[in-house]
Amino acid sequence: MTAEKYDPFVQGRFPVGVRSIQALDKARDRLFPCEIWYPTTPGTHPLIIYSHPSLGNRRAATFLCTHLSSHGYVVAALDHSETVAAELARKDGETAEQKAARVEAVIANRVPDIRFLLDHLLSGADSDIQLDPTQIGIVGHSFGGWTALASIDVEPRIRAVVALAPGGASQPRPGILPLTLNFNWGRDVPTLYLVAEDDVSLPLAGMYELFERTPATKQMVILRRADHLHFMDNIAEKHESFRKMQWPAELAWIQKEMRPIAELCSGEQAQLFVRGLTLCHMDTMLKRQAEAQRFLAGDIQAELAARGVDVIVH
């Protein structure tokens with residue numbers, strides 16, 4: 001009897017439970033809604049944190065969180081501070097100075113949110129979910145991708161990163177969050193970039209810049225004919241809604257430049273790309289699976305092409 005071939009794209013063998021909790025950060029007096037996806041089979045499992053994009057929430061990529069959990073990971077996400085703290089919410093009539101100060105505060109709270117969630121989970125508050133505190137990864141999209149990369153500066157517990165079309169490039173487009181990354185990691189945290197070829201909001205040139213600056217073992221795979229929202233649930237619906245929104249003047253270029261979803265790769269293709277390669281990276285770095293390592297080192301382009309997905313491996 002031969003062993004089954006490693007296939008990170010198919011659903012895993014673990015039944016998945018989903019739990020909604022609220023976690024109180026006493027230091028900042030904030031109550032965070034959190035979601036935890038977990039294998040219902042007894043055992044100790046690695047932990048992966050998911051960080052959502054701006055204008056998103058903890059359930060922005062349930063397709064990914066569920067997939068990872070079905071392969072034996074506990075996945076946890078919270079609604080970041082800008083969605084729960086009244087003082088960080090947009091206000092009518094705010095001045096340019098007030099807006100800049102609010103945006104700065106939103107950015108400054110992102111990494112503390114991740115550290116709080118880790119502290120909460122590892123404290124044993126949900127004691128029936130057994131976590132391996134030595135095997136922790138993080139994945140984030142857009143502002144969440146920046147959050148994942150920025151967390152490594154100060155969070156030694158994280159051992160692997162998947163950055164999905166992350167922010168933080170040095171020349172953001174008008175109206176895009178002014179994010180910066182120091183990359184003061186001081187250690188090797190293996191990082192996988194999954195990015196979009198036709199990303200209007202965070203163009204590919206910025207992804208190349210961040211990749212080159214990343215001081216770690218790294219790999220980047222580019223999804224062809226994909227835009228910035230090809231990393232979420234309900235891709236077609238979100239993309240068209242985003243494309244047709246009435247934007248303020250400083251963001252009007254988004255509406256002009258985004259292509260209709262019919263001209264781009266499908267949501268099914270994009271989600272297969274994201275869930276399979278994210279899992280493969282975590283299996284390689286957290287579980288030390290030799291089959292996953294061989295898959296990532298092999299012909300990813302051909303593997304995905306066989307599944308109808310067109311990519312460029314950088």
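How many of the 314 residues of the protein chain count as buried? In this predicted model, the share is 55%.

**View 1. The whole chain, from end to end.** Let's start with the overall picture. Ten helices and nine strands make up the secondary structure of the protein chain. Its radius of gyration is 19 Å, close to the 20 Å that the globule rule gives for 314 residues, so the chain is as compact as a globular protein of that length. The C-alpha trace spans about 70 × 45 × 35 Å along its principal axes. Of the contacts with a separation of 6 or more, 75% are between residues 24 or more positions apart. The chain exposes about 13,800 Å², and carbon and sulfur atoms supply 51% of that area.

**View 2. Strand E5 and its partners E3 and E6.** Here strand E5 (residues 130-141) pairs in the parallel sense with strand E3 (residues 44-51) over seven bridges. Look for Thr44, which stands opposite Gln130 in E5. E5 also pairs in the parallel sense with strand E6 (residues 160-164), this time over five bridges, and Val139 stands opposite Val162 in E6. Between E5 and E6 the chain crosses through helix H4 (residues 143-151), and this β-α-β crossover is right-handed.

**View 3. The surroundings of Ser51.** Now we zoom in on Ser51, which lies in strand E3. Ser51 is buried, with a relative accessible area of 0%. Its side chain joins that of His80 in a polar contact of 2.8 Å. Leaving aside residues up to four places away in sequence, Ser51 touches His80, Arg110, Ile114, Val139, Gly140, His141, Gly144 and Thr147. Val139 is also the residue that stands opposite Val162 in E6.

Terms used: Residues are numbered from 1 along each chain as its sequence is written. This is a predicted model: local features need pLDDT of at least 70, side-chain atom pairs count only at pLDDT 80 or more; totals for chains, interfaces and linings use all residues. Side-chain values use heavy atoms; hydrogens and water are left out. Two strands pair if DSSP finds at least two bridges between them. Helices (H or I, at least four residues) and strands (E, at least two) are DSSP runs, numbered from the N terminus. A crossover is right-handed if, with the strands pointing away from the viewer, the path from the first strand over the helix to the second runs clockwise. Buried means under 20% relative accessible area, exposed over 50%, partly exposed in between (1.4 Å probe, protein chains only). A polar contact is a pair of N or O atoms within 3.5 Å; within protein, one must be able to donate a hydrogen and the other to accept it, and residues adjacent in sequence count only if both atoms are side-chain atoms. Contact means heavy atoms within 4.5 Å. The radius of gyration is taken over C-alpha atoms; the globule rule is 2.2 Å times the number of residues to the power 0.38. Accessible areas come from the Shrake-Rupley method with a 1.4 Å probe; for residues, only the protein chains shown count as cover.
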